[in-house]
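Me: Please set out, by question and answer, how the protein chains in this entry relate to their DNA strands and pockets.

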2 protein chains.
Amino acid sequence: MEIIIDIEDTEPLFSQLIKQIKQAVQNGSVSPGDALPSIRQMANDFGMNSKTVAKAYSLLERDSVIQTRGYRGTFIHPDARNNCTVDLNAWVLQELRNKIEAFKKAGVTDSEIRIGFSSAMNALNS
Amino acid sequence: MEIIIDIEDTEPLFSQLIKQIKQAVQNGSVSPGDALPSIRQMANDFGMNSKTVAKAYSLLERDSVIQTRGYRGTFIHPDARNNCTVDLNAWVLQELRNKIEAFKKAGVTDSEIRIGFSSAMNALNS
DNA sequence: ATATGTACCGTGTATACTATTGGTACAAGG
DNA sequence: CCTTGTACCAATAGTATACACGGTACATAT
């Protein structure tokens with residue numbers, strides 16, 4: 001598995017890491033069950049903070065691309081190859097587009113939509 | 001109809017204007033069919049820019065609280081009393097809350113939701 | 001000429017928000 | 001003592017955007 005992190009890139013580091021790992025899974029560079037470097041290991045190798053790697057790992061686990069087994073380390077998920085093609089964000093995007101389109105047809109202003117979105121997010125966080 | 005605009009208030013001017021007019025309708029200070037001051041008139045009376053008043057008027061017309069008849073001026077909508085209780089923004093808020101709640105249950109991060117929202121808004125504007 | 005609402009171009013400012021990153025500490029286990 | 005993953009709190013910098021404002025122009029009609 002070959003990973004290249006470009007600090008100059010505008011793309012966030014954790015996002016780069018996710019992409020690279022998913023690519024490695026799809027390339028076949030890594031197989032289900034393979035062990036991944038630990039969070040701190042990975043952080044040292046690329047000069048990143050361990051929190052940044054942890055963020056990437058937690059997102060990858062949510063998507064069932066990897067599996068964390070606590071102190072035993074992190075491994076490629078059995079169904080990694082399928083799961084890393086599923087794009088949760090694309091689903092979110094589509095759903096939101098439909099809603100926003102409906103709002104606009106009703107005459108709602110962009111500003112009002114944005115304000116409503118902010119309110120909704122705040123309401124669900126407190 | 002008595003209108004009071006407070007520049008010191010943090011609430012936007014156009015928003016204050018909308019509220020006051022809706023209140024006047026509900027109070028009965030104005031009745032359906034009554035004429036409203038013209039945009040420029042209203043702007044002069046309160047020392048506001050005419051664009052600010054125009055914004056308030058256009059939103060009120062969208063909500064069918066007032067009716068603009070071009071060069072003939074602006075009047076209170078026949079169904080103003082009912083329509084000014086309908087809150088379009090509340091509807092938007094509720095719809096978005098439902099969607100966001102569904103996203104969160106699926107494990108989508110707040111950040112990802114926000115990014116998806118931005119993307120959707122941009123996509124529908126270009 | 002004057003008045004109506006509306007549309008387009010623009011400017012600036014202040015604010016609020018958020019993503020990213022970092023540091024520290026914890027429980028569980030070898 | 002070492003590792004594993006994870007949770008908490010904090011600071012920074014950058015972005016985005018809402019808001020108000022200005023000017024000009026148009027078609028319409030008195």
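Predicted model: local features only at pLDDT ≥ 70, side-chain atom pairs only at ≥ 80, totals over all residues.

Me: Which residues come nearest to DNA strand D?
Reply: A residue is near a strand if one of its heavy atoms lies within 4 Å of it. There are 21 residues around DNA strand D, and those that come nearest are Ser38(A), Lys51(A), Thr74(A), Leu13(B) and Tyr71(B).

Me: What percentage of the atoms of DNA strand D that come within 4 Å of the protein do sugar and phosphate account for?
Reply: Polar contacts are pairs of N or O atoms within 3.5 Å; within protein, one must be able to donate a hydrogen and the other to accept it, and residues adjacent in sequence count only if both atoms are side-chain atoms. Phosphate oxygens of DNA strand D lie 3.1 Å from a polar side-chain atom of Ser111(A) and 3.4 Å from one of Arg114(A). A polar backbone atom of Tyr71(A) is 3.2 Å from a sugar or linking oxygen of DNA strand D. Of the atoms of DNA strand D within 4 Å of the protein, the share belonging to sugar and phosphate is 72%.

Me: Which helix gives the most to the surface near DNA strand D?
Reply: Helices (H or I, at least four residues) and strands (E, at least two) are DSSP runs, numbered from the N terminus. At least two residues of this surface come from each of H2 (39-46), H3 (50-62) and H6 (110-125) of chain A and H1 (13-27) and H3 (50-62) of chain B. The most, three residues, comes from H3(B).

Me: Which residues are the closest to DNA strand C?
Reply: A phosphate oxygen of DNA strand C is 3.3 Å from a polar backbone atom of Leu13(A), and another such contact, also to a phosphate oxygen, places a side-chain N or O atom of Ser111(B) at 3.3 Å. A backbone N or O atom of Gly70(B) lies 3.4 Å from a sugar or linking oxygen of DNA strand C. Among the 21 residues that surround DNA strand C, the closest are Pro12(A), Leu13(A), Asn49(A), Lys51(A) and Ser38(B).

Me: How many charged residues does the surface near DNA strand C have?
Reply: H3(A) gives the most to this surface, with three residues. Ala, Val, Leu, Ile, Met, Phe, Trp, Tyr, Cys and Pro count as nonpolar, Asp, Glu, Lys and Arg as charged, and the others, Gly among them, as polar. By class, the surface near DNA strand C has six nonpolar residues, eight polar and, as for charged residues, seven.

Me: What is the volume of the largest pocket?
Reply: On a 1 Å grid over the protein atoms alone, a pocket is an open set of points where a 1.4 Å probe fits, with protein on both sides within 12 Å along at least five of seven lines; lining residues have an atom within 4 Å of a point. The largest pocket is lined by 28 residues, with Ser15(A), Ile18(A), Asp87(A), Asn89(A) and Glu112(B) nearest its centre, and H1(A) gives the most to the lining, with seven residues. Grid points are joined across faces, edges and corners, and a volume is the space filled by probe spheres set on the points. For the largest pocket this volume is about 740 Å³.

Me: Which residues lie nearest the centre of the second largest pocket?
Reply: The second largest pocket holds about 600 Å³ of space. Its lining has eight nonpolar, seven polar and seven charged residues. Of the 22 lining residues, those nearest the centre are Glu112(A), Phe14(B), Ser15(B), Ile18(B) and Asn89(B).

Me: Why does Asp63(A) count as buried?
Reply: Asp63(A) lies in the loop between H3 and strand E2 (66-68) of chain A. Not counting residues up to four places away in sequence, Asp63(A) touches Lys22(A), Asn83(A) and Leu88(A), where contact means heavy atoms within 4.5 Å. Buried means under 20% relative accessible area, exposed over 50%, and partly exposed in between (1.4 Å probe, protein chains only). Asp63(A) counts as buried because its relative accessibility is 16%.

Me: Is Gln16(A) buried or exposed?
Reply: Gln16(A) lies in helix H1 of chain A, and its side chain reaches the backbone oxygen of Glu11(A) at 3.0 Å. Not counting residues up to four places away in sequence, Gln16(A) touches Ile4(A), Ile5(A), Asp6(A), Asp9(A) and Glu11(A). With a relative accessible area of 5%, Gln16(A) is buried.

Key: Residues numbered from 1 in each chain as written. Chains lettered and ligands numbered in written order. Heavy atoms only, no water.
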